[in-house]
Amino acid sequence: ALKMSSLAQKRRALMTGQVPSNYVPGLGRGATGFTTRSDIGPARYTAAPVEEGMATAAAATAQPQPQQPQKNVVSFGQAPEGYVPGAGRGLSGQFGNKVADEDKDGNKEDLGDSNYSEFFGYGGSLFGDTPYEQDDKEADLIWEAVDDRMDGRRKERREARERDELRKYRSKLPTLHSQFADIKRDLQDLSKDDWLNIPDANDISHKKRKTETVKDRFMPAPDSLLAQAQAEQQTHTELDTRQQAMGGLSSVAGTASTMTDLNKVGEGRNTYLQLKLDRVSDSVSGQTVVDPKGYLTDLNSSIKNQTADMADMKQARLLLKSAIQSNPKHAPAWIAASRLEVIAGKVAQARNLIMQGCEATPLNEDIWLEASSIHPPEQAKKIIAQAVHHLPTKVSLWVRAAELEQEDKGKRRVLRRALELIPDSERLWKAAVELEEKDAARVLLTRAVEDGCCPLSVDLWLALARLEDYEQARKVLNNARKKVPSEPQIWFTAAKLEEANGNGQNVSKILERAMRQFADMKLKISDDRDFWQQQAEEAETGGYTGVAEGLIRVSADINVLPHERRRVWEAEAESLLERGAVHCARTVYQCLLQYFNTKKKIWMAAAQLEKKHGTPEALDVLLKKATTFCPKAWPLWLMGAKEKWLAGDLTGARIILGEAFKINPDNEEIWLAAVKLENDNQETQRARTLLEKARVQAGTERVWMKSVLLERDAGDMESANRLLREALAKYPKFDKLWMMLVQINKAAGKPEEARKAYEEGTAQCPQSVNLWIVAVRFEREEGQVTKARSMLEKARLKNPKAENLWLETVRLENSTENKKLASTRLAQALQECAQSGVLWSEAILMEPRQQRKAKSVDAVRHCENNPYVICTVARLFHSDRKLEKARTWFNRAVTLNPDFGDAWAYWYKLELQHGTEETRAEVLKRCGEANPRHGELWQKLSKAPGAKFADAREKMLAVVRVVQEQL
């Protein structure tokens, strides 16, 4: 009780006692204030500022007070040095001024509203002042890998979108490069003379204005110019102070102390001309080559160049002189100094310098060669003789000595002396052999390669083999293989020798031995597939097809896995064909067929190669093999029958088709091919019999359609109508049968039957655009324009974005002379089908002649690679007589779509009017190879009743006649 009472007394005394002057409640236990974003200034205790009005109170407060004993006050001792209150929990302010000072050095955190986000918080780094350790680095690498993976998943889609956006942007705003691409493409046809004759571009923008105004200009001379002219004519008897200070008389550059004497100028010009002529005449070869017409012009330019380069030459001369003096044994310095003097026109000084260099460095061959090149021939011989005396084993000196000899006898003497001193020089042996006849050359080559002089020279061995007969050449090449077993050219030459002498069976053996030997020796070329193919192409170019075939076969499996053979070999065959190596490509296909003889695609590719580059016999043999291994591949049977038919062998074609029937009895393509064969050869009854059998065994809609066409072309409309009714009962969804029924009834003069036919047809086939067009044209020809227009509206509702329906709508309005409505319909069509080439082509042709060019630019921008637009633009160039551009655009159209027959017809029309026999034949040939089947005029003519054409060339000529009649 006593203890408790005393403790209560102490607490009461502490609470009621006087507070110390510097006491802050809670400061001892760290309970200081804190700062929020809504507060301004710190919440800690701060000393109040002492103002003048409070000076007395402050003085009174500062008087010493009697100290009271403080009881139960815990003291933590003195704070350690560097202690900042609140810094440990991130507090800054009055007591955190040290941290704030450190943040001023560049790490101060921005805690303003502009750097704050409700979702992410503050934008700064929370741990920017912490050390960057290994685990932090690993974490960053992991997050970077995650970011890259997430970016890679969307990369292709993003890049595709960017490419599409760029393409659309370029279509609206094309670059200058794309606008002038066709003009730049025409530059490749310019010859070298045309390039050289292109005039230089001059600035003539203000030329005319200058010539008109220059006569009227007048500029009075200033007084200073007159005073200077007067001073130049006076005679000075004493120096002024400025001249004495500058060290005497020195004329200013560009001025003269006396009047210019034109006679002296002419004399100086003549003197320079004489020096120039002397220098040209004193040449190495002893001949003078001067162009008298252009010499004065060249003289003016040389004077300017000399005055401009004089300072550079002087500086270079000083540098080279210093280099020579510092190291007289350095031959390149002597050579450079001599060449500098030659450029400066001081040939004599150059010769003196180079001879001094020869004396200083007699063991350098380059300086001797330089000396001989700038001296006349006779003196050069003496110089080379001295050089050979100092350097008797330098091949280049002996070769130079032989070149200086004028007669072959002297050259032989020099080279034989050189071979005595340097018997292992291949260059000397080659030079000596070139001067000899065949027998003497054989003796020299034998001595060179067999007597140990140059046994490793492949060129000498091959040259000797070419000079020998067959048996001796084989021995020479065998010896060469023993001496140089790693040289492939020796093996290839041996294979070519065997093929040239009719021993083709030895070619493959030699090449296989070569491959085995190179593999045993582990040479790099044994794994170099490209090297062997290149050698095969060179052999085929040289006429050695057997060697080319052997090289392809021995290198076919190099670095090719078994499961990759087809892909690699097919790509190689295509690339070889592009480079013109036909036999090499044929060999690759043969290798393919050894492993993949049941693949129809490979047989077709090989057959196309033989058809284009081979002979009919080779193609026939290949197709027989193909049908043996692939009996179900009907295109191979049809190709074989067609080739027989084109060759005039109708019986052979029938035999092939008969064999095809046995193996493929239900194949409609074979049946229809047989029918076409008989029909084209005027065998209508046989064709009718075949079709009757085909309707039983392969009764497809096409077979029924061909049956109707045969009867219609034969003129039997009753049978055609009967077959057509039977076909429609079997295949009511086949729109071509309904179109044929409309045409037959129309031709028979039964409009109501025809109208009933297309009404039933459109009900059965509402998605058939061609059937709707046939119906519309029927009504238009019958004079029912309103009904035709309503049918087009109905057709467009059932077939939105059908470009042919819109085209027919526009043409319907044009046929009624309603141009305004036609333009409106065309604008609607282009909005709905912005990428339609046929609509843009029609839009170009509907414009007036003066506005067609601008419209064609818009069309090309929207349909850059559409053959209809390209063909229409080519027709515009043709009408404007821009023939080369028209040819280029026609070629582009048929390249984009070889099946577009109208483009071929318009191109051939151009060649008929302005081309040559060669260009016409080229267009006909390419059209026959492409065999087009589509095009508005092309199909209209080829599918007309009774139309029969032998091939695509005859069909194109018929279309061209129609085009010429229209225009």
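Which residues of helix 41 are buried? In this predicted model, the buried set is made up of A788, M791, L792, A795 and R796. Around the helix axis they take up an arc of only 135°, which puts them on the same side of helix 41. As for what covers the buried residues, the list includes helix 39 (751–764), helix 40 (769–781) and helix 42 (803–815).

Next comes a charged residue tucked away from the surface. E499 belongs to helix 24 (residues 488–500). This residue is buried, yet it has no salt bridge. The nearest side chain of opposite charge is K496, and that one is 8.6 Å away. So what does E499 touch, leaving aside its neighbours within four places in sequence? Its contacts are V507, G543, Y544, T545, G546 and V547.

Then there are the aromatic rings. Searching the whole structure turns up 12 aromatic pairs. One of them is W603 with F629: the ring centres are 5.9 Å apart and the planes sit at 15°, so this pair is stacked. W603 comes from helix 30 (residues 600–613) and F629 from helix 31 (residues 616–629), so the pair ties together parts that are 26 residues apart in sequence. The two partners can be looked at one by one. W603 has 3% relative accessibility and therefore counts as buried, while F629, at 41%, counts as partly exposed.

Another pair is F877 with W889. Here the ring centres are 5.9 Å apart and the planes are at 55°, so the pair is tilted. F877 lies in helix 46 (residues 867–879) and W889 in helix 47 (residues 883–896), which means the pair links parts 12 residues apart in sequence. F877 counts as buried, at 14% relative accessibility, and W889 is buried as well, with a relative accessible area of 11%.

Aromatic residues also gather in a group: W491, F492, F518, F531 and W532 form one aromatic cluster.

Conventions: Residues are numbered from 1 along each chain as its sequence is written. This is a predicted model: local features need pLDDT of at least 70, side-chain atom pairs count only at pLDDT 80 or more; totals for chains, interfaces and linings use all residues. Side-chain values use heavy atoms; hydrogens and water are left out. Buried means under 20% relative accessible area, exposed over 50%, partly exposed in between (1.4 Å probe, protein chains only). Helices (H or I, at least four residues) and strands (E, at least two) are DSSP runs, numbered from the N terminus. The arc is that of the directions from the helix axis to the C-beta atoms. Contact means heavy atoms within 4.5 Å. Lys and Arg count as positive and Asp and Glu as negative; His and the chain ends are not counted. A salt bridge is a side-chain nitrogen of Lys or Arg within 4 Å of a carboxyl oxygen of Asp or Glu. Rings of Phe, Tyr and Trp (its six-membered ring) pair if their centres lie within 6.5 Å; planes under 30 degrees apart count as stacked, over 60 as edge-to-face and the rest as tilted.
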